[in-house]
Amino acid sequence: RRLFGLVEKLAVTETPVLLLGETGTGKDGLARALHLRSARRKAPFVIVDCGAIAPQLVESELFGHARGAFSGAVTDRPGAFLEAEGGTLFLDEVGELPLELQPRLLRALEARQVKRLGEDRPRSVDVRVIAATHRALNAEVQAGRFRPDLYFRLAVAALRVPPLRERREDIPLLVRALLVQLGRESFELSSELITRLSSYDWPGNVRELRNVVARAVVSDEVSLEHVLNPAPPGTPVPSRPPVSSPLEVPFKEAKERLVDNFTREYLTALQQKHGGNVTQMARASGLARTYLHDLLARHGLRGTDS
């Protein structure tokens with residue numbers, strides 16, 4: 001309720017908003033809500049997933065390019081800033097933005113102008129920027145991987161979106177809403193299953209809940225045992241099943257699964273090698289200790305500071 005109250009207040013302003021939270025918590029939904037409740041609601045809402053674009057293409061995706069600006073640029077491209085003119089630009093996973101491009105984004109935000117690749121004349125833009133990330137950006141700043149001036153520019157208002165395990169009372173309401181989205185509003189889940197859903201920790205948050213509900217309407221409850229039986233506290237979160245074909249799920253979800261599995265395996269090996277000593281693990285991995293603590297907690301692992 002506090003979060004929604006802040007969203008209502010911020011929606012009618014031009015304040016830049018940074019949404020912080022784990023993957024799958026619904027940051028994109030909140031960004032869209034901010035747009036739809038703003039004076040810009042009739043203008044475009046443009047999404048750029050900074051983590052799903054090849055680094056060499058990010059600049060063109062954001063600022064556009066002129067025909068012939070580089071090899072393969074056979075047509076003009078306006079870029080996300082110009083496409084969002086008068087509306088809202090949502091920079092999803094902004095923490096993945098390459099460090100060398102961050103000054104260019106900062107200049108665009110401060111000057112409210114962009115210059116397409118291959119052009120000398122800057123163009124004025126009128127957009128509101130909302131950003132989101134699953135990373136602890138303050139730790140990324142301390143580690144030198146994110147510019148502090150850009151962080152403060154984006155985080156004028158920073159909202160933490162809580163993970164599903166911190167708001168279990170929302171689960172029955174979310175289940176009903178998801179059934180409506182699936183066109184199965186008349187489908188009934190047993191009270192026992194709802195109780196079991198509410199006792200699970202949901203490492204994949206609302207996105208994982210959506211997948212489970214979708215499978216529940218076509219499967220029996222027994223087939224969901226591996227999802228609905230929570231592990232004892234302190235047990236590492238099991239890896240998600242591998243994607244047999246990248247085309248079976250959207251690109252972003254397939255990428256997240258691979259990254260999550262790699263991160264969990266890396267952290268587990270790092271933990272075993274250094275006996276869980278966070279200081280040694282941070283030194284060996286090159287990660288900031290605060291960010292490493294965050295990663296360990298997110299994947300159900302523990303470390304010590306001694």
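Helices (H or I, at least four residues) and strands (E, at least two) are DSSP runs, numbered from the N terminus. Keep in mind that this is a predicted model, where local features need pLDDT of at least 70, side-chain atom pairs count only at pLDDT 80 or more, and totals for chains, interfaces and linings use all residues. Residues are numbered from 1 along each chain as its sequence is written, and side-chain values use heavy atoms, with hydrogens and water left out.

**Stop 1: the sheet**

Select residues 17-20, strand β1, together with residues 157-160, strand β7. These two pair in the parallel sense over four bridges. Look for L19, whose bridge partner in β7 is L159, and for L18, whose partner there is A158.

Now stay on β7 and show its side chains. Which of them are buried (under 20% relative accessible area with a 1.4 Å probe, protein chains only; exposed is over 50%, partly exposed in between)?

Zoom out to see five strands forming an open sheet in the order β2-β3-β6-β1-β7, with parallel pairing. β2 and β7 stand at the edges, each with a single partner strand, so one side of each has no neighbour in the sheet.

Go over to β2 next. Five bridges join β2 to β3, and the two run parallel. D49 stands opposite D92 in β3. Four of the five residues of β2 are buried, so the rest of the structure largely encloses this strand.

**Stop 2: an aromatic pair**

How many aromatic pairs does a search of the whole structure find? There are four. Rings of Phe, Tyr and Trp (its six-membered ring) pair if their centres lie within 6.5 Å; planes under 30 degrees apart count as stacked, over 60 as edge-to-face and the rest as tilted.

Select F63 and F81: this pair is stacked, at 5.7 Å centre to centre and 15° between the planes. F63 lies in helix α3 (residues 55-63) and F81 in helix α4 (residues 80-83), so the pair ties together parts that are 18 residues apart in sequence. Both F63 and F81 are buried.

**Stop 3: the cores**

A nonpolar core is a set of buried Ala, Val, Leu, Ile, Met, Phe, Trp, Tyr and Cys residues joined through side-chain atoms within 4.5 Å. Select V48, L62, F81, L89, L91, V129 and L154: of the 32 residues in the largest core, these touch the most other members. Helix α5 gives this core its largest share, four residues. A second, separate core of 17 residues includes L197, W202, V206 and V217.

**Last stop: a loop**

Finish at E169, in the loop between β7 and α8 (171-181). Is E169 buried or exposed? E169 is exposed, with a relative accessible area of 57%. Now show S198: E169 and S198 are 29 residues apart in sequence and 7.4 Å apart in space, C-alpha to C-alpha.

Key
Two strands pair if DSSP finds at least two bridges between them.
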